[in-house]
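Please look over the sequence and the model first.

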Amino acid sequence: MVLVEGQDHERLAFMEGAFASELSADPGVVSRVTERLSMIRTRALDPDETARLMERMVGRRE
């Protein structure tokens, strides 16, 4: 999912899946994508935490 804002401040949402992609300027779609991305960002690890998690996961496989 990607949110894009043009020079005229029009907001677009781009979503891509395995078999289809969609670009939408529909305010409802843009709002839903904005909410989803916000939820993902609040739960995402910062880069250092991500690196430590990956190192622990690799260590478990060896």
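A residue is called buried under 20% relative accessible area, exposed over 50%, and partly exposed in between, with a 1.4 Å probe and protein chains only.

## Basis of the description

This is a predicted model, in which local features need pLDDT of at least 70 and side-chain atom pairs count only at pLDDT 80 or more, while totals for chains, interfaces and linings use all residues. Residues are numbered from 1 along each chain as its sequence is written, and side-chain values use heavy atoms, with hydrogens and water left out.

Helices (H or I, at least four residues) and strands (E, at least two) are DSSP runs, numbered from the N terminus. Two strands are paired if DSSP finds at least two bridges between them.

## The sheet

Three strands make an open sheet in the order β1-β2-β3, and their pairing is antiparallel. At its edges are β1 (2-5) and β3 (21-24), each of which pairs on one side only. From one strand to the next, the twist averages 15°. For such angles, axes are lines fitted to C-alpha atoms, for helices over the stretch in contact, and angles run from 0 to 180 degrees between N-to-C directions.

Four bridges hold the antiparallel pair β1 and β2. These two strands form a hairpin with five residues between them, and histidine 9 in the turn has a positive phi of about 70°. Strand β2 (residues 11-16) is also joined to β3 by four bridges, again antiparallel. The hairpin of β2 and β3 has four residues between the strands. Alanine 13 stands opposite serine 24 in β3.

Phenylalanine 14 belongs to strand β2, where it is the bridge partner of valine 2. Phenylalanine 14 counts as partly exposed because its relative accessibility is 30%.

Val2, Val4, Phe14 and Leu23 make a nonpolar surface patch of about 330 Å². Accessible areas come from the Shrake-Rupley method with a 1.4 Å probe, and for residues only the protein chains shown count as cover. Patch residues have over 30% relative accessible area and no salt bridge; like charges are joined within 9 Å, and nonpolar side chains (Val, Leu, Ile, Met, Phe, Trp, Tyr) within 5 Å. A salt bridge is a side-chain nitrogen of Lys or Arg within 4 Å of a carboxyl oxygen of Asp or Glu.

Helix α1 (residues 27-43) lies across β1, β2 and β3 and runs at about 65° to β2. Contact means heavy atoms within 4.5 Å.

Alanine 44 sits in the loop between α1 and α2 (47-61). With a relative accessible area of 47%, alanine 44 is partly exposed. Alanine 44 and arginine 56 are twelve residues apart in sequence and 17 Å apart in space, C-alpha to C-alpha.
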